[in-house]
Amino acid sequence: MNAPDRYERFVVPEGTKKVSYERDTKIVNAASFTIEREDHTIGNIVRMQLHRDPNVLFAGYKLPHPLQYKIIVRIHTTSQSSPTQAYTQAVNDLDKELEYLKQAFEVCF
Amino acid sequence: MDRPAAGASYQRFPRVKIRELKDDYAKFELRDTDASMANALRRVMIAEVPTVAIDLVEIEVNSSVLNDEFIAHRLGLIPLTSAAAMQMRFSQDCDACDGDGSCEYCSVEFNLSARATDSDQTLEVTSNDLRSADPKVCPVDQARAYQQALSSGDYDPNAGDQRQVILHLITRLWVLLFSITIELLSYCIFVADLRGILIVKLRRGQELRLRAIARKGIGKDHAKWSPAATVTFMYEPDIRINEELMDTLTLDEKRSWVESSPTKVFELDPVTQQVVLLRTPTCYFHGS
């Protein structure tokens, strides 16, 4: 009765931004990124990539509720970097790594 | 783990090596990357690779023992050849059709018409009775039967029997090597039985006539669109033999030790009379 439609899991509705950003008011160099219509597939990969950055003090993700299809990624960094920079760097590195993996597969197959 | 200077890229360079590759089975190793990458690959293979499946069924006549939605559900689960799925558009994104999601760019039409004649034999309505408007998209066993008819000498009897493509993840902590094999369970298609997937059985006088539209979708939406049957990955264990202790055993004891493992992991080298690891890598847990 209250179950959301299945296509809600991956279709971003009109007007909602895919990624939104919220600075943490109480801690310096800390922020949360809310990614709409994504799940553990993206969240875990981004989190593991953020761990590889030495400037990142804390990186974690969660799904606030299994029926709300979004993830929240929380990042704390040192003063040498900023959460936005760390996040952008992580996503770009993952993009390149997946591109490399795709080419490795294409060579094999 | 190497730590480049801040601001530099922390990209990894994964390597892939295929161990086995068949029509419906693949097993490969993935190295120099993380378990999260392997898991993401697994999740995407199950839920986000697009395929084509019947999504809308218009039933004209149904006097069979199964009701309309039952038959529509079964039709949706029939696997269709989806090589054309990458060129098709999702129905919700399609702007060529007038909103009903059934134009040529985003859908394929199927027709099924079966009537049990006045004989006492039960008519089995199968996926072979589904007639597709586009020959590229048709039920998988129709395509298989067609291919077998074309190349009757070249058919590989093992392709249908393969059940599992295993994704093994191998890790060695000090070198960070990973190996992944993917396991895809094949459909329950018996090699010798080319009758097709059974939809419904009709008795004398019963009829089934319908029109079905197949659309592109992903497994997240409904399991009928999932292309994978099983995808698994595991770390391959790193086995090292304690040579000092092994030397204290007699030859007979070594032989019985080698034979005691349920899957063949070790072998006794006849020349040096040492216990060594089996050279060809097989799965240490179920020997496949």
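Me: Which residues do ring pairs link into a cluster?
Reply: Two rings of Phe, Tyr or Trp (its six-membered ring) pair if their centres lie within 6.5 Å. Ring pairs of this kind make a cluster of Tyr21(A), Phe33(A) and Tyr87(A).

Me: What kind of model is this?
Reply: Residues are numbered from 1 along each chain as its sequence is written; chains are lettered from A and ligands numbered from 1, in the order in which they are written. Side-chain values use heavy atoms, with hydrogens and water left out; local features need pLDDT of at least 70, side-chain atom pairs count only at pLDDT 80 or more, totals for chains, interfaces and linings use all residues, and the model is predicted.

Me: How many aromatic pairs are there over all chains, and how is the pair of Phe33(A) and Tyr87(A) classed?
Reply: The count over all chains is five aromatic pairs. In the pair of Phe33(A) and Tyr87(A), the ring centres are 4.2 Å apart and the planes meet at 10°. Planes under 30 degrees apart count as stacked, over 60 as edge-to-face and the rest as tilted. The angle here is 10°, so this pair is stacked.

Me: How far apart in sequence are the parts that Phe33(A) and Tyr87(A) tie together?
Reply: Helices (H or I, at least four residues) and strands (E, at least two) are DSSP runs, numbered from the N terminus. Phe33(A) is in strand β2 (residues 30-36) of chain A, while Tyr87(A) is in helix α2 (residues 83-108) of chain A. The parts they join are apart in sequence by 54 residues.

Me: Are Phe33(A) and Tyr87(A) buried or exposed?
Reply: Buried means under 20% relative accessible area, exposed over 50%, partly exposed in between (1.4 Å probe, protein chains only). Phe33(A) has 4% relative accessibility, so Phe33(A) is buried. Tyr87(A) has 13%, so Tyr87(A) is also buried.

Me: How is the aromatic pair of Trp257(B) and Phe266(B) classed?
Reply: The two rings lie 4.8 Å apart, centre to centre. Their planes are 40° apart, and the pair is tilted.

Me: Which of these two partners is partly exposed?
Reply: Phe266(B) has a relative accessible area of 11% and is buried. At 34% relative accessibility, the partly exposed one is Trp257(B).

Me: Over which ring does the charged end of Arg89(B) sit?
Reply: A charge sits over a ring if NZ of Lys or CZ of Arg is within 6 Å of the ring centre and within 35 degrees of the ring normal. Lys224(B) meets this rule over Trp225(B), 4.7 Å from the ring centre. For Arg89(B), also 4.7 Å from the centre, the ring belongs to Tyr105(B).

Me: How many residues of chain B are in contact with chain A?
Reply: Contact means heavy atoms within 4.5 Å. Chain A brings 28 residues to these contacts. From chain B the number is 30.

Me: What area is buried between chain A and chain B?
Reply: Buried area is the accessible area (1.4 Å probe) that two parts lose on being put together, summed over both. Carbon and sulfur atoms give 60% of it here. The total is about 2,900 Å².

Me: Which residue of chain B forms a salt bridge with Asp39(A)?
Reply: A salt bridge is a side-chain nitrogen of Lys or Arg within 4 Å of a carboxyl oxygen of Asp or Glu. Between chain A and chain B the count is three. In one of them, Asp39(A) has its closest N and O atoms 2.8 Å from those of its partner, Arg43(B).

Me: Where does Arg43(B) lie in this pair?
Reply: The pair crosses between chains. Asp39(A) is in the loop between β2 and α1 (40-51) of chain A, and is buried at 9% relative accessibility. Arg43(B) is partly exposed at 22%. Its place in chain B is helix α1 (residues 35-47).

Me: How far apart in space are Asp24(B) and Ala229(B), C-alpha to C-alpha?
Reply: Asp24(B) is in the loop between β1 (15-21) and β2 (26-31) of chain B. In sequence, Asp24(B) and Ala229(B) are 205 residues apart. In space, C-alpha to C-alpha, the distance is 9.6 Å.
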